[in-house]
Amino acid sequence: DDDVSALTFSITAGNDDSLFDIRNGQLFVNGTLDYEAGQSYTLSISVNDTADNTASDTVQVDVNNVNDVQITDVAAAGPLSCSSPSSLVITGRNFGLASQSPA
């Protein structure tokens with residue numbers, strides 16, 4: 001029987017930051033996943049039916065890395081120049097970003 005409403009799902013492990021939720025038999029992400037914060041998540045999921053039968057399995061969620069820095073206009077920043085023979089500080093401003101601090 002495929003009646004999901006007769007089943008109760010729960011995430012029993014791997015959801016320490018409450019990033020995931022199960023509603024109506026579907027796994028949802030609460031917010032945004034960040035590759036730098038976690039490249040994958042392993043969730044233990046249990047399901048119970050109305051006859052109190054239980055099954056559990058593990059689901060792995062892999063996070064892809066995307067470029068989350070948008071460079072708007074490199075040419076507008078102009079050429080880089082260095083007056084010191086040993087170093088050049090590069091900031092976000094050199095690349096047309098709002099942030100001017102070195103990363």
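**Figure 1. Pairing of Ser44 with strand 5.** Thr58 in strand 5 is the bridge partner of Ser44. The model is a predicted one, in which local features require pLDDT of at least 70, side-chain atom pairs count only at pLDDT 80 or more, and totals for chains, interfaces and linings use all residues. Residues are numbered from 1 along each chain as its sequence is written, and side-chain values use heavy atoms, with hydrogens and water left out. Strands (E, at least two residues) and helices (H or I, at least four residues) are DSSP runs, numbered from the N terminus. Two strands pair if DSSP finds at least two bridges between them. Strand 4, residues 40-48, and strand 5 are antiparallel and share nine bridges.

Figure 2. Strand 1 and strand 4 run antiparallel and are joined by five bridges. Ala13 stands opposite Ser44 of strand 4. In general, the strands of a sheet pair through backbone hydrogen bonds, either parallel or antiparallel.

Figure 3. Ser46 is part of strand 4. Ser46 counts as buried because its relative accessibility is 13%, where buried means under 20% relative accessible area, exposed over 50%, and partly exposed in between (1.4 Å probe, protein chains only). Contact means heavy atoms within 4.5 Å. Neighbours within four places in sequence aside, Ser46 is in contact with Thr8, Phe9, Ser10, Thr12, Ala55 and Ser56. Thr12 is 34 residues from Ser46 along the chain, and their C-alpha atoms are separated by 6.7 Å.

**Figure 4. The hairpin of strand 2 and strand 3.** Strand 3 (residues 26-29) runs antiparallel to strand 2, and four bridges join them. Ile22 has Leu27 of strand 3 as its bridge partner. Two residues lie between the strands of this hairpin, and Asn24 in the turn has a positive phi of about 55 degrees.

**Figure 5. The largest nonpolar core.** This core consists of eight residues, namely Leu19, Phe20, Ile22, Tyr41, Leu43, Ile45, Val61 and Val63. Strand 2 (20-23) and strand 4 each contribute at least two of its residues, and the largest share, three residues, comes from strand 4. A nonpolar core is a set of buried Ala, Val, Leu, Ile, Met, Phe, Trp, Tyr and Cys residues joined through side-chain atoms within 4.5 Å.

**Figure 6. The aromatic pair of Phe20 and Tyr41.** The structure holds one aromatic pair. Phe20 and Tyr41 form it in an edge-to-face arrangement, with 5.4 Å from centre to centre and 65 degrees between the planes. Phe20 belongs to strand 2 and Tyr41 to strand 4, so the pair ties together parts that are 21 residues apart in sequence. Rings of Phe, Tyr and Trp (its six-membered ring) pair if their centres lie within 6.5 Å; planes under 30 degrees apart count as stacked, over 60 as edge-to-face and the rest as tilted. Phe20 counts as buried because its relative accessibility is 3%, and Tyr41 is buried with a relative accessible area of 14%. Apart from residues up to four places away in sequence, Phe20 touches Ile11, Asn15, Leu27, Phe28, Val29, Asn30, Leu33, Tyr41, Leu43 and Val61.
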